[in-house]
Amino acid sequence: MEVTSNQFKQEASKALRNPVLQKALGHIEEGFVEARNQAARRLPEFEQMRDRARDIKAHAIDNLGFYLSQFEDQVIAQGGQVHWAADAQEAREIVAAICLDQGARNIAKSKSMVTEEIELGPYLEAKGLASVETDLGEYIIQLRDEKPSHIIAPIIHLSKEQVSDTFYEHHQKHGYFDKLTERSALVKQARSVLRKSFMNADVGITGANFLVAETGSVVLVTNEGNGDLVTTIPDTHIVVTGIEKVVPTMDDCHTLLRVLVRSATGQDTTSYVSFFTGAKRPGDAAGPSNFHVVLVDNGRSDMVGGVNHDMLRCIRCGACLNHCPVYANIGGHAYGSVYPGPMGAVLTPQLAGVEQAIDLPNASTFCGKCEEVCPVRIPLPSLMRHWREEEFARHLTPKPMRFGLGMWSWLGRQPALYRVVLSMVQRVLGLFAKRGWVKHLPMGTSWTLYRDMKAPKGGSFQQQWRRR
Ligand code: SF4
């Protein structure tokens with residue numbers, strides 16, 4: 001996985017200064033946070049469902065080998081094939097080999113974070129296979145040669161005007177020369193361009209939200225219906241998904257679907273919930289003759305039984321991103337990984353190596369909101385804290401910071417001196433305060449550059465405690 005976390009601070013600064021991005025990120029609150037809250041309020045048993053969802057995923061992960069093997073048997077029994085990919089390279093090779101074997105030239109893809117993780121698109125392109133993203137957001141970023149900035153809303157960083165410019169630039173070759181301004185017109189034009197990609201596709205590639213072990217079914221949720229077109233028109237359907245998506249039964253899947261959709265978009269259900277079970281049978285009206293499932297490990301089995309074991313419960317709803325104050329200010333691209341926000345801050349160091357991604361778990365205020373809203377109750381702050389401990393233990397922290405932390409720790413063990421220093425710091429901060437706020441600190445510009453700090457008032461915590 002390509003991670004540019006080393007540029008995290010620069011990218012985050014750029015994002016904070018980008019007015020278009022800032023305006024776009026402003027929609028998260030009403031678009032996702034409020035919608036999720038309302039959906040949760042509409043369902044009195046929502047909290048119990050979250051407990052049940054956590055238990056289902058925990059049980060599935062604790063028995064991963066058993067359920068994956070059951071799933072494989074069922075897929076084969078339904079006329080499909082299962083391929084096991086140990087890493088991203090193997091997964092890419094398997095998919096390309098299936099496509100080339102079928103003599104495919106054109107591929108239609110529906111949205112899949114795992115295919116982003118393994119960077120499948122560029123690989124297929126290098127093999128001469130034209131793959132078109134058919135989810136509207138993914139299609140737009142493919143045209144713009146960008147990465148998704150959110151796991152369920154890949155173009156959350158873009159304005160309508162930017163989308164209009166993109167279509168104006170890329171759709172002229174399809175005979176569209178007008179600059180469009182209305183959302184509905186943009187959608188209509190994209191639909192008409194994409195229609196040809198669906199009709200010409202030799203292979204359809206999708207991800208999966210869940211894999212049902214008892215039936216061998218692959219479950220996919222979309223709001224655009226493109227997943228159904230990608231899988232019913234071409235003769236070959238390839239599912240590329242992570243091994244952690246397996247759940248024991250269809251009932252379990254339904255529970256998870258109910259918490260997934262409410263946590264993700266605040267809907268009671270998505271517009272399309274598709275169940276794909278094996279290849280086309282005699283008498284079926286539609287469906288692919290060839291049904292392949294590529295189960296991607298890529299570091300996941302290393303997480304089983306380890307400190308990040310709980311992270312395998314993640315159902316990629318995006319709620320932790322939507323409620324994260326850091327994500328809400330810098331967006332997804334600054335994270336340098338396909339998995340941004342709190343879930344990415346845990347997952348990316350695991351998948352790409354902690355040395356590559358140590359800034360990510362540090363990009364958290366530890367407010368705990370991510371854990372509060374996670375439908376499968378993943379303790380995200382504790383898992384991020386683990387990476388911070390790992391960073392310190394491996395001496396990855398920059399020397400000045402290690403020195404500073406060492407001093408702080410030493411000072412904390414000298415109560416009298418600590419109190420003197422603290423009171424001096426309060427006085428110095430007071431010198432820079434105006435009307436109760438510190439807006440500029442000569443030695444701490446990176447703190448005050450983007451927000452003001454409340455001036456210290458009423459003494460330290462210990463002083464206040466003594467007064468009580
Ligand atoms: S960690 Fe939880 S909240 Fe975040 S994407 Fe995964 S399931 Fe959703």
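Student: Which residues are around the ligand?
Tutor: First, keep in mind that this is a predicted model. The residues around the ligand are Cys314, Ile315, Arg316, Cys317, Gly318, Cys320, Met343, Cys374, Pro375, Val376, Ile378 and Leu380.

Student: How many of the shell residues are nonpolar, polar and charged?
Tutor: Ten are nonpolar, one is polar and one is charged.

Student: Okay, histidine 309. Where is it found?
Tutor: Histidine 309 is in the loop between helix 14 (300-303) and helix 15 (319-322).

Student: Is histidine 309 buried or exposed?
Tutor: Buried. Its relative accessible area is 17%, and the cut-off for buried is under 20%.

Student: What does histidine 309 touch, leaving out residues up to four places away in sequence?
Tutor: Ile61, Asp62, Met303 and Val304. Take isoleucine 61: 248 residues separate it from histidine 309 in sequence, yet their C-alpha atoms are 8.3 Å apart in space.

Student: New topic. How many aromatic pairs are in the whole structure?
Tutor: A search finds six.

Student: Why does phenylalanine 66 count as exposed?
Tutor: Because its relative accessible area is 55%, and exposed means over 50%.

Student: And tyrosine 67, buried or exposed?
Tutor: Tyrosine 67 is buried, with a relative accessible area of 11%.

Student: Which residues form an aromatic cluster?
Tutor: Phe8, Tyr327 and Tyr335 form one.

Student: What about charges over rings? Where does the charged end of lysine 179 sit?
Tutor: Over the ring of tyrosine 168, 5.8 Å from the ring centre. Arginine 402 also lies over a ring face, that of phenylalanine 392, at 4.2 Å from the ring centre.

Student: Jumping to serine 460. Where does it lie?
Tutor: In the loop between strand 13 (453-454) and helix 24 (461-467). Serine 460 is buried, at 10% relative accessible area.

Student: What is serine 460 in contact with, beyond its neighbours within four places in sequence?
Tutor: Leu422 and Gln426.

Student: Last one. What domains is the chain divided into?
Tutor: Domain 1 covers 43-300 and domain 2 covers 414-467. Taken over C-alpha atoms, their centres are 51 Å apart.

Key
Residues numbered from 1 in each chain as written. Predicted model: local features only at pLDDT ≥ 70, side-chain atom pairs only at ≥ 80, totals over all residues. Heavy atoms only, no water. Domains from an automatic or database assignment. Near = heavy atom within 4 Å. Nonpolar A, V, L, I, M, F, W, Y, C, P; charged D, E, K, R; others polar. Helix = DSSP H or I, 4+ residues; strand = E, 2+ residues; numbered from the N terminus. Buried < 20%, exposed > 50% of the residue type's maximum accessible area, 1.4 Å probe, protein only. Contact = heavy atoms within 4.5 Å. Phe/Tyr/Trp six-rings, centres within 6.5 Å; stacked < 30°, edge-to-face > 60°. Lys NZ or Arg CZ within 6 Å of the ring centre and 35° of its normal.
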